[in-house]
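Please look over the sequence and the model below before reading on. The report is meant to be read beside them.

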Amino acid sequence: MRRSVVALLVVVFSIVIGFGALKVEENKVIFTFSYPTANTVHLAGTFNSWSTTANPMRKEGDVWVTELELKPGTYQYKFVIDGGKTWKEDPDAPGYTDDGFGGKNGVFTLALKDGKLIILAPAAEIKEKVEINENREENFYIEDNTYVVIKFYKPEAKYVFIAGSFNNWSSTDTECYSAGDGWWEAVLELSQGIYQYKFVVDGKDWVVDPNAPAYVDDGFGGKNGVFEVWKEDGVLKVGAPRIQKEEEPKAELPKENIVRSVEYTVDGKISETEKSTAYFEGKGIVAYIARTSTAAYVGVLLDKPATQYLGQSMLVEVYTDAPKMIASNKKTYNGTQLSKPVGFRFSINMKTWQARKRGSFFAAAGDDSWILQANPFRAAVDEAVEFEIPYDILGVKSGETFNLYVVVSVEGKDEVVPAEGIAIKTPTMISGNVIAKFVDKVGDDYGFGTYTYPKDPAFAPYKGLWDIVEMQVLENEDAYVFVIKFGEMTNPWASPKGFSHQLINIYLDTKDGGRTNTYKEGARVQFTQPWDYFIKIAGWTDYGQVFATADGKEIPEAITYEADPAEKVVYIIVFKKYLEVKTGIKAYVLSMSQDGFGTDHIRAITKDSTQWTLGGYPADSKDFAPFVLDTIVPEGYSQEEILKSYVPEKEYAKLIPVVIK
């Protein structure tokens, strides 16, 4: 979508309005697809979370047909052939977009015209017709070498959104902030590339930016603003597109096997859902490979049920590399050369499985030998052999790519599937639009002003370890991302997440009801407004990955997190599907010292600091002073006054939330 619907439409509409094989009849979208040799065809897309089973199509002659009732908006889609072995884009789609796996998704926009749905194509692709805007006020700038900020002057507007190719032209996803004096600001976190955009004023008027760096035809007789984001020597830049000539078309290779995100269960049985992802065949082997936001899934079917191989000399293994592996081997355990060096080996020994129902994890020694590690991973043997490979074990972070091989060894002879390996790109979860930003006072990780550091050298440099200096909250299609930056971040105890000292508690208020006391004892605070969800983060996932509801239900898969020690940042990803948001989002954010032996893993604060305890605790508080070292408070309040609001022998300090959304 580009401008107000009325301004865009310059054709005469009838009851049936369509694009190629996609049309609207009686306000239903009709999908048709010609594939005579298919046994089954299903329609998958953003409207059904890319389900391979939710929307079957019926065969009418040589054509497959289905219809959906959809609300106005922008949608992507593909056709799923024979249960997921083949995914095909619509050759007659109104437009296309990159599917993230080397292929294309069909894309279209539904809009209302005189109460009827119509189908709009995306704007024409940028080729050679880019018009540079020579007479403009500079309204683009880069913030923190991360965000593209676009200023837009519209003093009469009540509210403004920005719509563009970066958010599927949604008119409601990316709100602009009022900057005063009639100016509005859009804050975008974008990867390198060329983007088109318009501003949506008061929910109805689609307005071209008069200060856009350049313009391009929007395909409907109007213009879109266009700009490019790129990096020079590590510095983010933004401006008019630098490359305006059409690139040579690239040959598109067929790619039937796409590593997809699927719901899986590690139970030794491969379901139809688990089969709806990439599969690779070898001699007597079929390997299914999928990925989620936190792990890779591998299911292996042998030439007969896997249980029939129990007690025999057989290994079923997965080998992977990682972007930052410390050491690598070129060969498997049995000496087979792989196409790329690998750093990790996940092994199931069929000879010993009945006595020891768990797999073994090894790290490469660098000389083609393997060192047994203690890290557990989920595995199962029944009709098939299944693995879950957590990214944490590999040290793979959001948006990174690693390679994977499945190896089945019988009597020391390897079968490698696929022989060239398969590249898996983890979802990029730490991107999104900034919906909230808080800058906190530097050097205030002292609670209400008196707390001091422990004396052990592990706490060097004795400042900044619990000091939140900034927090941003990003929103993307699937999640909210809390980006918390600390003054210092060290890892003297070798936590697998890369940080040893920080213990983060977040309490979210998203609806009516909830609790005003802490989830567990330890922090010694209470809350002015009830909370609905609790999040706990530490460097060790066995106790540092907690997501709980106010009624005590724990759902660890509702969150994931990672750290960037060089930037001193912890990213906490909270998946939207586990949140019920009815009254907006408010948050209490608490920073404390992690102690594996403390109450709820919180380090104690005593009157005087010792080797392992913090100091400065007021004895006259009668144990009612908080164990919180830093917290984010609303504008107009001070951390010191809030944390000192406890009443000795009577009640804990009452914290006040900040507004996220």
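## Basis of the model

This is a predicted model, in which local features need pLDDT of at least 70 and side-chain atom pairs count only at pLDDT 80 or more, while totals for chains, interfaces and linings use all residues. Residues are numbered from 1 along each chain as its sequence is written, and side-chain values use heavy atoms, with hydrogens and water left out.

## Strand β38 and its two partners

Strand β38 covers residues 479–486; strands here are DSSP runs (E, at least two residues), numbered from the N terminus. Seven of the eight residues of β38 are buried, a word used for under 20% relative accessible area, with a 1.4 Å probe and protein chains only.

Strand β37 (residues 468–475) pairs with β38 in the antiparallel sense over seven bridges, where pairing requires that DSSP finds at least two bridges between two strands. A hairpin of three residues leads from β37 to β38, and E475 has Y480 of β38 as its bridge partner. Strand β45 (residues 569–575) is also paired with β38, again antiparallel and over seven bridges, and in this pairing A479 has F575 of β45 as its bridge partner.

## A mixed sheet of three strands

Strands β40, β41 and β48 make up an open sheet in the order β40-β41-β48, and its pairing is mixed. Because β40 (515–517) and β48 (653–655) each have a single partner strand, they stand at the edges, and one side of each is left without a neighbour in the sheet. Neighbouring strands of this sheet are turned by 20° against each other on average, direction ignored; the angles are taken between axes, which are lines fitted to C-alpha atoms, and run from 0 to 180 degrees between N-to-C directions.

Strand β41 (residues 525–531) runs parallel to β48 and is joined to it by three bridges, with V525 standing opposite A653.

## An antiparallel sheet of four strands

A further open sheet has four strands in the order β13-β14-β17-β16, with antiparallel pairing. Its edge strands, β13 (140–143) and β16 (177–180), each pair on one side only, and the twist from one strand to the next averages 35°. Between β16 and strand β17 (residues 183–189) there are three bridges, in the antiparallel sense, and G180 stands opposite W183.

## Strand β20 between β12 and β21

Strand β20 (residues 214–217) pairs with strand β12 (residues 130–132) in the antiparallel sense over three bridges, and I132 stands opposite A214. Strand β20 also pairs with strand β21 (residues 223–232), likewise antiparallel but over four bridges, and here D217 stands opposite K223.

N505 lies in strand β39 (residues 502–509). With neighbours within four places in sequence left aside, N505 is in contact (heavy atoms within 4.5 Å) with F534, I535, K536, Y588, V589, L590 and M592.

Conventions:
Buried means under 20% relative accessible area, exposed over 50%, partly exposed in between (1.4 Å probe, protein chains only).
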